[in-house]
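This report describes one protein model, with attention to its overall layout, its annotated site and its cores. Please keep the sequence and the structure in view while reading.

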Amino acid sequence: MLPDKDGTRGELGCGSGATCRGHSEDTAVSLFREYLRIRTVHPEPDYDAALKFLDRVAGELELPMRTVEVCPNRIVAIVTWEGTDPRLRSVLLNSHTDVVPVFQEQWKYDAFAAVKDKEGNIFARGAQDMKCVTIQYIEAIRRLKSEGRRLARTVHLMFVPDEEVGGHKGMEAFVNHPEFRALNVGFALDEGLANPEETFTVFYGERNPWWITIKCTGSPGHGSRFVENTAAEKLRKIINSFLDFREREKNRLNTSECLTLGDVTTVNMTKLQGGVAYNVIPAEMDVSFDIRIPPTADLQEFEEQIKEWCRVAGDGITYQFAQKHMQQDVTSTAESDPWWKAFTAACGAM
């Protein structure tokens, strides 16, 4: 079992395919901890160190790794295990190398030390999102190769930068590159979460992330007066509208046995900007939200709701998206679907 996101604990032990001597650490766990120690943390991820690590791992797997610089200093790495019939559409196992910033004072251990306590719990930024998945991909191929297996389809392991800041200089740029089209991808697996129980959680859809900044303008003035129509008054109404909706969605999740986190819209206020001095009423103030909308929601209707919140809050309010995903397709889980049928058959055999 692998660690939870943000350093909360999970357990790791010797796997069925690993070589352990006495109480020595499983090789996959050691590799995992080594990867966690690479500081691919924003705002200045050490991508060079990550690429050197991945190149070494590819060598250990006896597989070629090629790199594509999709933007200045932003490199996508691809490790390829060629299948017996390369004409078939390939399988892509994608993961990102970067991790979000750390508030070290909230951590029990150094967030990049990958400390393992005596119970086997590992603490590190990126353990769940998503370096554990990267190592799972690598370990799966290592075990298959060690058993002498060959797959009909080519499998590509792909490692992309900048996912945590929107992917604009990573996957978004790469999908329009001829190197991506040459991969001939027929099916892809991407980010998921490790499960601490003896079950596999399958994510067959994804909520659409909307990152939005709302700018409120108003009358400036001196801090000693009751100036009317201020940016702050409008900002308060905007914040209340978003957070009231957040509370309703949270209650909907907590009071229904049928809903999971992926079925509701999460809203979190993440940035607040404005003002120049204690005694000056600012002419404008900004607030930013991270919104995740399930594929079952009406996206156009939700944006109309945002427009209504802005209208009710007052004049001079505008909004801009830093990220606005509109993809609502989900992978089929019908018994007739070839992917789902193959996956459930493999699980059943286990």
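What percentage of the 350 residues of the protein count as buried? The share is 39%. The model is a predicted one.

## Overall layout

The protein contains eight helices and 13 strands. Its C-alpha trace spans about 80 × 45 × 45 Å along the principal axes. Of the contacts between residues at least 6 apart in sequence, 71% join residues at least 24 apart.

The domain assignment gives two domains, with domain 1 covering 27-192 and domain 2 covering 208-324. Taken over C-alpha atoms, the centres of domain 1 and domain 2 are separated by 35 Å.

## The annotated active site

An unreviewed UniProt entry places the feature "active site" at Asp98 and Glu163. These positions are spread over 66 residues of sequence, yet they cluster in space, with a largest C-alpha distance of 6.7 Å. Asp98 sits in the loop between β3 (90-96) and β4 (115-116), while Glu163 sits in the loop between β6 (155-160) and α4 (171-174).

Are the two residues buried or exposed? Asp98 has a relative accessible area of 0%, and because the cut-off for buried is under 20%, Asp98 counts as buried. Glu163 has 31% relative accessibility, so Glu163 falls between the 20% and 50% limits and counts as partly exposed.

## Surroundings of Asp98 and Glu163

Leaving aside neighbours within four places in sequence, Asp98 is in contact with Thr40, His42, Tyr47, Asp129, Val160, Pro161, Asp162, Glu163, Glu164 and Val165. A polar atom of the Asp98 side chain lies 3.5 Å from the backbone nitrogen of Asp162. With residues up to four places away in sequence not counted, Glu163 touches His96, Asp98 and Glu191.

Thr97 is also found in the loop between β3 and β4. At 5% relative accessibility, Thr97 is under the 20% cut-off and therefore counts as buried. Beyond its neighbours within four places in sequence, Thr97 is in contact with Tyr35, Thr40, Tyr47, Ala50, Leu54, Lys131, Phe159, Val160 and Pro161.

## Nonpolar cores

The largest nonpolar core has 34 residues, and those touching the most other members are Phe32, Leu36, Phe53, Val79, Ile138 and Leu157. Elements giving two or more residues to this core are α1 (27-36), α2 (47-60), β2 (74-81), α3 (127-146) and β6. The largest share, eight residues, comes from α3.

A second, separate core has 23 residues, including Met285, Phe289, Leu299 and Cys310. In the largest core, Leu36 is one of the residues touching the most other members. Not counting residues up to four places away in sequence, Leu36 touches Phe112, Ala114, Ile122, Ala124, Arg125, Gly126, Ala127 and Lys131.

## Helix α8

Helix α8 covers residues 338-349, which is 12 residues. From its first C-alpha to its last, α8 reaches 16 Å, close to the 16 Å expected at 1.5 Å a residue.

Which residue caps the N-terminal end of α8? The cap is Asp337, with a side-chain oxygen 3.1 Å from the backbone nitrogen of Trp339.

Technical notes:
Residues are numbered from 1 along each chain as its sequence is written. This is a predicted model: local features need pLDDT of at least 70, side-chain atom pairs count only at pLDDT 80 or more; totals for chains, interfaces and linings use all residues. Side-chain values use heavy atoms; hydrogens and water are left out. UniProt positions are given in the numbering used here, feature names are shortened, and annotations may be inferred rather than shown by experiment. Helices (H or I, at least four residues) and strands (E, at least two) are DSSP runs, numbered from the N terminus. Buried means under 20% relative accessible area, exposed over 50%, partly exposed in between (1.4 Å probe, protein chains only). Contact means heavy atoms within 4.5 Å. A polar contact is a pair of N or O atoms within 3.5 Å; within protein, one must be able to donate a hydrogen and the other to accept it, and residues adjacent in sequence count only if both atoms are side-chain atoms. The expected span of a helix is 1.5 Å times one less than its number of residues. Domain bounds come from an automatic or database domain assignment. A nonpolar core is a set of buried Ala, Val, Leu, Ile, Met, Phe, Trp, Tyr and Cys residues joined through side-chain atoms within 4.5 Å.
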